[in-house]
Amino acid sequence: MTLIEIFTDHIRNRKSLKTYVEIRKTIPTRGEFNDETLIQAEEDLQRLKQEDEEIYELMYETLEAYYAQDAGHYVEYPINFVREILKIYQCNVPAKKVYEQYKRGLDHHIHDSC
């Protein structure tokens, strides 16, 4: 598996990003995020799950909707998901607002998949 496939697996299957950080240390390829950012994202995901489980579930549902829509940018879907999660606590954007903005992205009709 490639690094992005492992990352995608961890995001889509709600596996710990802390585990992913350890796995990727064995692969000589750079990822999109540094270790500290991934660990922070995992902590933010767990915090969101405890503080607002509904938004937590809706964020994952929206991620799966991106995959179902298949606009040809499958590598970006898990990366963008992590960026959105980080906005909630690192940029102090309300979780509901982040979710609404993330979901609105599904309405963009630029499809360039094969």
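Biologist: With which residue does the side chain of Arg-12 meet in a salt bridge?

Modeller: This is a predicted model, in which local features need pLDDT of at least 70, side-chain atom pairs count only at pLDDT 80 or more, and totals for chains, interfaces and linings use all residues. Residues are numbered from 1 along each chain as its sequence is written, and side-chain values use heavy atoms, with hydrogens and water left out. A salt bridge requires a side-chain nitrogen of Lys or Arg within 4 Å of a carboxyl oxygen of Asp or Glu. At 2.6 Å from N to O, the side chain of Arg-12 meets that of Glu-64.

Biologist: How many residues apart in sequence are the parts that Arg-12 and Glu-64 tie together?

Modeller: Helices are DSSP runs of H or I with at least four residues, numbered from the N terminus. Arg-12 belongs to helix α1 and Glu-64 to helix α4, so the parts tied together by this pair are separated in sequence by 52 residues.

Biologist: Is Glu-64 buried, partly exposed or exposed?

Modeller: The classes rest on relative accessible area, computed with a 1.4 Å probe on protein chains only: under 20% is buried, over 50% is exposed, and values in between are partly exposed. Because Glu-64 has a relative accessibility of 30%, it counts as partly exposed.

Biologist: At roughly what angle do the axes of helix α1 and helix α4 cross?

Modeller: Each axis is a line fitted to C-alpha atoms over the stretch in contact, and angles run from 0 to 180 degrees between N-to-C directions. The axes of α1 (residues 3-12) and α4 (residues 53-69) come within 11 Å and cross at roughly 135°. This makes α1 oblique to α4. Angles under 35 degrees count as roughly parallel, over 145 as roughly antiparallel, 65 to 115 as roughly perpendicular and the rest as oblique, the crossing here being roughly 135°.

Biologist: How do the residues of the contact of α1 with α4 divide into nonpolar, polar and charged?

Modeller: Contact means heavy atoms within 4.5 Å. On the α1 side, Thr-8, Ile-11 and Arg-12 meet Tyr-60, Leu-63, Glu-64 and Tyr-67 of α4. Ala, Val, Leu, Ile, Met, Phe, Trp, Tyr, Cys and Pro count as nonpolar, Asp, Glu, Lys and Arg as charged, and the others, Gly among them, as polar. The division is 4 nonpolar, 1 polar and 2 charged.

Biologist: Which residue forms a salt bridge with Lys-25?

Modeller: The structure holds 9 salt bridges. One of them joins Glu-43 and Lys-18 at 3.8 Å, N to O, linking helix α3 to helix α2 across 25 residues. Lys-25 is exposed at 52% relative accessibility, and its closest N to O separation, 3.4 Å, is to an atom of Glu-22.

Biologist: Is His-10 buried or exposed?

Modeller: His-10 lies in helix α1. Beyond its neighbours within four places in sequence, it is in contact with Lys-15, Ser-16, Leu-17, Thr-19, Tyr-20 and Ile-23. The cover over the buried residues of α1 includes α2, α3, α4 and α5. Because its relative accessibility is 5%, His-10 counts as buried.

Biologist: In which loop is the place of Asn-92?

Modeller: Asn-92 is another residue other than glycine with a positive phi, near 55°. At 65% relative accessibility, it counts as exposed. Its place is in the loop between α5 and α6.

Key
Helix = DSSP H or I, 4+ residues; strand = E, 2+ residues; numbered from the N terminus.
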